[in-house]
Amino acid sequence: MFCSMKNPVQRRYVIRCWIGALLVVLLTLVAALSFRVAHLRGPLMYPMATLPALPIIWVLIETGRYLAEEKDEFQRNVLVQCLLGGIGGTLALTTVWGNLEHFAQVPHLDLILIYAIFWFFAALTYPVVYRRYR
Amino acid sequence: MKNRLKVLRAERDWSQADLAERLEVSRQSVNAIETGKFDPSLPLAFKLARLFGMRIEEIFEESGQ
Amino acid sequence: MECVEGNPAVKRFLWRFAGAMSGYVACLCVAIVAFVHYRPVGVLAYALAVLPALPIVGLLAVFGFYLAEEKDEFQRSLFVQSMLWSTGATLAATTVWGFLENFVHVPHLQLIWIFPLYCIFWGIATPLVKLRYR
């Protein structure tokens, strides 16, 4: 899958996204084990709890770096539109759900899911953007 | 912005992919510019012009913006 | 803001922003009064709960319309850059807090505060982005 990608900037970004995703799963496991099984206490709690968030922040930085390094301005433009669609959808959903939680006591939406929801809406935006330029 | 890219490409027998490779962009970008749905930046417009040995105004039409 | 005078897209944006904000205050009052005094149930409860979220979604649309209507591509670029930076900051902050909530039980951040958080980050990002081009 990676060899077919001719653009080196794109290839590097996609590979790093996959590594980031794997690291998130791994570090979440490590953190979960330390808290639920080893019952970690004390000041070490905070860095350990933050650990799974670090690859996510890294992927966000890599996305920014990709936007800066990608020479093809059209591809950059498409990605930016997807990201904006992503945050728009995410903010709309969290606001509606937040109000429902506050007033109508619907089940709680975990903050961790917001990152995934963002990429979900970004992916939804892609066909909309693509159709604009067909 | 309307342009003569398709004609200029045909004159040289270049596909969109060929042009994309010479410009170091993706084929989708070339298609979007050609169909007038995406305006290239100044550096890319100059690159196009140099490639065809013309001036930017000879490739792109302003057409009452 | 030197760019306000004479820029119709910005003027329209400010009017619509004010409209959406007023709508939000009004809907919030209606929802709070309804829930405190009348205790609605069923579909009515859900509808009333969603009501204050609608002007916020409208506000997102106002941002979107501004992006589409602003003819000055430099102003548009500044706007987009600020939005992307605040997107990254919001996603990073909510993810970190989400993990902290899960593992270390820090106080809960309600979903309805995510959009205001985004706006705060956007307020910080906008002058910083402009600084790049001085």
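Predicted model: local features only at pLDDT ≥ 70, side-chain atom pairs only at ≥ 80, totals over all residues.

Modeller: Residues are numbered from 1 along each chain as its sequence is written, while chains are lettered from A and ligands numbered from 1 in the order in which they are written.

Colleague: What makes up chain A, in helices and strands?

Modeller: Helices (H or I, at least four residues) and strands (E, at least two) are DSSP runs, numbered from the N terminus. By that rule chain A has 5 helices and 0 strands, and its pattern along the sequence is α-α-α-α-α.

Colleague: How many residues of chain A are in contact with chain C?

Modeller: Two residues are in contact if their C-beta atoms, placed from the backbone, lie within 7 Å. By this test, 37 residues from chain A meet 38 residues from chain C. Helix α4(A) gives the most to the side of chain A that touches chain C, namely 18 residues.

Colleague: Which classes of residue form that side of chain A?

Modeller: Ala, Val, Leu, Ile, Met, Phe, Trp, Tyr, Cys and Pro count as nonpolar, Asp, Glu, Lys and Arg as charged, and the others, Gly among them, as polar. The side of chain A that touches chain C accordingly has 27 nonpolar, 8 polar and 2 charged residues.

Colleague: What does the contact between chain A and chain B involve?

Modeller: Here 7 residues of chain A are in contact with 10 residues of chain B. Helix α4 (residues 73-104) of chain A supplies the largest share of this side of chain A, 3 residues. The side has 2 nonpolar, 1 polar and 4 charged residues.

Colleague: What makes a set of residues a nonpolar core?

Modeller: A nonpolar core is a set of buried Ala, Val, Leu, Ile, Met, Phe, Trp, Tyr and Cys residues joined through C-beta atoms within 7 Å. A residue is buried if 20 or more other C-beta atoms lie within 10 Å of its own, exposed if 12 or fewer, and partly exposed in between, with C-beta atoms placed from the backbone. The largest nonpolar core has 56 residues, of which A:L91, A:Y115 and A:F118 touch the most other members. Its largest share, 12 residues, comes from α4(A). Not counting residues up to four places away in sequence, A:Y115 touches A:I56, C:L91 and C:T95. In chain A, buried residues make up 30% of the 134 residues.

Colleague: Why are the buried residues of α3(B) placed on the same side of the helix?

Modeller: The buried residues of helix α3 (residues 27-34) of chain B are B:S29, B:V30, B:A32 and B:I33. They lie on the same side of α3(B) because they cover an arc of only 165 degrees around the axis; the arc is that of the directions from the helix axis to the C-beta atoms. These buried residues pack against α4 of chain A together with α1 (5-12) and α2 (16-23) of chain B.
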